[in-house]
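Please follow the charged pairs, the nonpolar core and the chain contact of this model in turn, with the structure open beside the text.

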Amino acid sequence: MTVDLEAVAAAHSGRVDREGLDPAIVVPRETWRQLAQALSEAGVWFSDLTCVDRGETVEVVAQVCASASEQITLKTVLPNRDLTVDSLWPVWPGMDWLEREAYDMFGVSFVGHPDLTRILMFDGFEGYPLRKSFLLETEEKAS
Amino acid sequence: MIEDHPRVGRLQKDAVTESIVLNMGPQHPSMHGVFHMQLELSGETILAARPVIGYLHRGIEKLAEHRTYAQCMVLVDRLDYISQYCNEWAYCRAIERLARIEVPERAEWLRTMYAELVRVTSHLMWFGSVGLDLGGWTPVIYAFIPRERIFDFFEATTGSRLMPNYLRFGGVKEDVDPAEMEALHAYLAKDLIDALDEFDGLVTGNEIFLSRQRGLAPMTVDQAHAWGVTGPMLRACGSTRDLRIDTPYGVYDRLDWESCTDTRGDALARYSVRMREMRESAKMALQCIERMPAGEVRTKVARVLRPPEGEVYVRHESTRGELGFHIVSDGSPKPYRFRVRSPAFMNVSSLPHLCAGAKISEFFAIFGGIDNVMAEIDR
């Protein structure tokens with residue numbers, strides 16, 4: 001089975017980014033869950049979800065498999081002042097821990113996640129360690 | 001009715017039962033490191049389970065952003081310290097794809113051989129711990145004999161049993177001594193197979209072991225995909241998913257071997273898949289030794305690597321499942337984002353589904369079949 005990336009992207013008001021090593025479907029956050037739902041119904045399964053801090057924005061990046069060897073990257077870009085996006089947990093229950101980790105490390109709120117709590121850091125921890133604004137002790141001393 | 005029995009007093013008649021929460025770990029001999037599980041119990045039956053992780057979180061992804069690409073190799077070793085070569089290889093493949101580095105033929109054969117040897121040692125470790133989880137000391141003591149023999153081979157070339165730091169971008173650190181290779185060949189061809197036969201005799205046919213594993217915690221392929229379960233656990237449900245075949249790398253497409261699968265999906269199927277995988281891996285390592293061409297083992301790569309701007313996601317069949325490296329480069333000598341998709345992290349997240357309804361004594365039998373490594377889960 002192969003997925004027609006252009007058609008899927010167009011149906012969810014997104015675009016296909018072919019500049020990188022693997023093609024990526026970039027959609028606005030409003031259609032993030034619909035995109036996953038449509039792919040899931042076409043038999044696509046997920047393998048990863050994480051974030052990349054780009055300063056003004058935070059990208060949410062998911063890796064999915066359409067067939068044994070076909071790999072697709074899904075992306076949505078969130079503005080730094082409002083890091084909320086629909087949870088993919090209702091589509092793929094295994095997103096549970098991946099989204100908790102993204103919340104823990106980047107502070108992204110996944111709307112509709114059943115239990116959005118810290119996972120690797122402890123409950124009382126303040127800040128989001130993988131944000132670029134979170135400095136290591138050595139960096140703090142240097143600045 | 002028990003209430004009608006004359007010796008049942010008033011207290012028992014009016015007694016109400018309520019569920020209790022039991023904390024298992026993080027300091028518990030069967031918790032494979034520092035794993036913490038909150039179990040809600042009704043008597044001995046598990047109503048709900050909640051894994052609590054993070055006790056071994058060292059911030060490896062953050063640390064990597066402050067080191068050069070080559071320096072990150074030692075951090076990668078410390079992710080899954082039981083299948084080090086798989087981690088190193090996956091990381092090297094990601095960087096080599098990003099920076100378009102060619103790997104010499106002999107280095108690909110060496111990498112494949114090391115990855116399969118480490119799969120044997122990792123599964124031996126798992127075989128030992130499964131025995132411990134079920135209350136038997138014998139398997140772990142037997143399993144460590146072949147494991148140490150293979151570690152001796154690792155040590156001869158890399159100087160380290162567990163943290164080799166052996167792979168380099170564009171090859172491996174140095175070639176293996178031919179005498180060591182010959183001795184290993186003799187060991188793999190006879191002694192290791194004898195040892196595996198012995199393990200099968202000790203455990204695989206053991207009636208108590210079988211009755212504790214058969215039909216336990218069944219899982220279907222659809223459930224495995226929905227929960228993100230990969231590796232031997234996924235193949236035990238009947239899936240043929242194996243990245244060594246689906247997205248060929250190394251020299252797997254030139255070796256005679258087959259991916260081990262099972263259709264039962266229960267704890268016994270997971271056991272059976274891993275036991276057979278050890279034999280297949282030993283077979284592959286033997287073929288590598290026999291057919292490996294002579295030649296260079298390393299291409300020249302800049303000491304401080306600056307991959308071009310971009311991002312890459314590479315998936316790799318580690319001993320526990322799909323290991324993913326997602327590297328974002330901004331053209332500087334340090335990775336901008338260094339993400340590890342840990343197979344054990346995803347496999348353990350399926351634990352609440354697998355244990356609901358099981359008895360507390362079955363919990364360890366289920367948990368042992370997941371084959372987790374806390375260092376990789378917590379990163």
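Asp371(B) and Arg320(B) are both buried, where buried means under 20% relative accessible area, exposed over 50% and partly exposed in between, for a 1.4 Å probe and protein chains only. These two residues form a salt bridge with their closest N and O atoms 3.6 Å apart, a salt bridge being a side-chain nitrogen of Lys or Arg within 4 Å of a carboxyl oxygen of Asp or Glu. The pair links distant parts of the chain, since Asp371(B) lies in the loop between helix 15 (360-370) and helix 16 of chain B, while Arg320(B), 51 residues apart from it, lies in the loop between strand 6 (310-318) and strand 7 (321-329) of chain B; helices (H or I, at least four residues) and strands (E, at least two) are DSSP runs numbered from the N terminus.

The model is predicted, so that local features need pLDDT of at least 70 and side-chain atom pairs count only at pLDDT 80 or more, whereas totals for chains, interfaces and linings use all residues. Residues are numbered from 1 along each chain as its sequence is written, chains are lettered from A and ligands numbered from 1 in the order in which they are written, and side-chain values use heavy atoms, with hydrogens and water left out.

A further salt bridge joins Arg379(B) to Glu61(B), with 3.0 Å between the closest N and O atoms. It connects the segment after helix 16 (374-378) of chain B, which holds Arg379(B), with helix 2 (residues 60-64) of chain B, which holds Glu61(B), 318 residues apart, and both partners are buried. Asp242(B) and Arg235(B) also form a salt bridge, at 3.6 Å between the closest N and O atoms; the relative accessible area is 0% for Asp242(B) and 0% for Arg235(B). Through shared partners, salt bridges join Glu116(B), Arg119(B), Arg235(B), Asp242(B), Arg244(B), Glu277(B) and Glu317(B) into one network.

Turning to nonpolar packing, Met113(B) is one of the residues that touch the most other members of the largest nonpolar core, which has 154 residues; such a core is a set of buried Ala, Val, Leu, Ile, Met, Phe, Trp, Tyr and Cys residues joined through side-chain atoms within 4.5 Å.

Between the chains, the contact (heavy atoms within 4.5 Å) takes 37 residues from chain B and 44 residues from chain A. Eight salt bridges are counted between chain B and chain A, including that of Asp115(A) with Arg50(B), at 2.6 Å from N to O.
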